[in-house]
Amino acid sequence: MNIDKEDTSIKFYTISLITAILILLTAVTISYRQIKRLEESSKLVNHNIIIEREIYKMFSGYAMQRTTQFDYVISGNIAFLSNRDNYKLEGDSALERLRHLTVSDPPQQAIIKQILVVRADFLKQLEELFNLRQNSSTTDMVLNNQMAKISVIFMKMRALRNEMVSNVEKAFNKNNNLYS
């Protein structure tokens with residue numbers, strides 16, 4: 001009888017050990033999957049943050065370009081134009097980075113195409129404003145009308161920026177829901 005008791009005891013410990021190992025393996029597998037999902041989620045969040053940062057850099061560059069141009073027109077002080085080209089370059093560089101960062105995102109690419117069209121008109125109108133200011137016979141009313149025209153174009157650019165930011169936020173929320 002003692003042998004039978006030992007045999008049952010060994011079976012019990014063996015089954016317990018196998019069960020514990022299976023529970024441990026299950027826990028490790030679940031943890032591993034959770035870590036991989038968290039890692040993927042982190043990459044997507046980081047990507048979205050970079051995109052959002054570039055959106056704001058682009059808009060900031062063009063906003064500063066507009067501001068320096070308006071300051072010049074209002075004051076007549078050419079010193080205001082000293083950083084105009086740098087601001088344009090800043091906006092253009094951020095826009096180019098956005099094109100690369102969103103290459104696999106058709107809705108964002110469609111917005112970027114719209115921004116390129118609005119940007120071209122924006123730059124053309126800024127140049128026109130500069131030329132008008134250079135002409136001594138240009139009246140204040142003509143300058144004000146041109147500045148108003150640029151402001152309307154700039155509002156279009158702002159709306160496109162807001163649309164891009166909204167898309168980034170939607171992607172973030174979608175990613176957040178996938179991880180939860």
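**Surface patch and salt bridges**

Modeller: Start with Ile18, which is found in helix α1. Keep in mind that this is a predicted model.

Biologist: Is Ile18 buried, exposed or partly exposed?
Modeller: Ile18 is partly exposed, at a relative accessible area of 48%.

Biologist: Changing topic. How many salt bridges does a search of the whole structure find?
Modeller: The search finds eight salt bridges. One of them pairs the side chains of Glu54 and Lys57, at 3.9 Å from N to O.

Biologist: Where do Glu54 and Lys57 lie?
Modeller: Both lie in helix α1, which covers residues 2-75. Glu54 and Lys57 are three residues apart, or about one turn of the helix.

Biologist: And Glu54, buried or exposed?
Modeller: Glu54 counts as buried because its relative accessibility is 2%, and the cut-off for buried is under 20%. Lys57 is partly exposed, with a relative accessible area of 35%.

Biologist: What about Lys88, which residue does Lys88 form a salt bridge with?
Modeller: Lys88 forms a salt bridge with Asp92, and their closest N and O atoms are 2.6 Å apart.

Biologist: How many residues apart are Lys88 and Asp92?
Modeller: Four residues apart in helix α2, residues 84-101, so about one helical turn separates Lys88 and Asp92.

Biologist: Which residue does the side chain of Asp92 meet in the salt bridge at 2.7 Å?
Modeller: That is Arg119, with the 2.7 Å taken from N to O. Asp92 lies in helix α2 and Arg119 in helix α3, residues 106-134, so this pair ties together parts that are 27 residues apart in sequence.

Biologist: Arg119, buried or exposed?
Modeller: Arg119 counts as buried, at 16% relative accessibility.

Biologist: Which residues do salt bridges that share partners join into one network?
Modeller: Arg53, Glu54, Lys57 and Arg97 are joined into one network that way.

Biologist: Why can such side chains pair at all?
Modeller: Because side chains of opposite charge can pair when their charged atoms come close.

Conventions
Residues numbered from 1 in each chain as written. Predicted model: local features only at pLDDT ≥ 70, side-chain atom pairs only at ≥ 80, totals over all residues. Heavy atoms only, no water. Salt bridge = Lys/Arg side-chain N within 4 Å of Asp/Glu carboxyl O. Helix = DSSP H or I, 4+ residues; strand = E, 2+ residues; numbered from the N terminus. Buried < 20%, exposed > 50% of the residue type's maximum accessible area, 1.4 Å probe, protein only.
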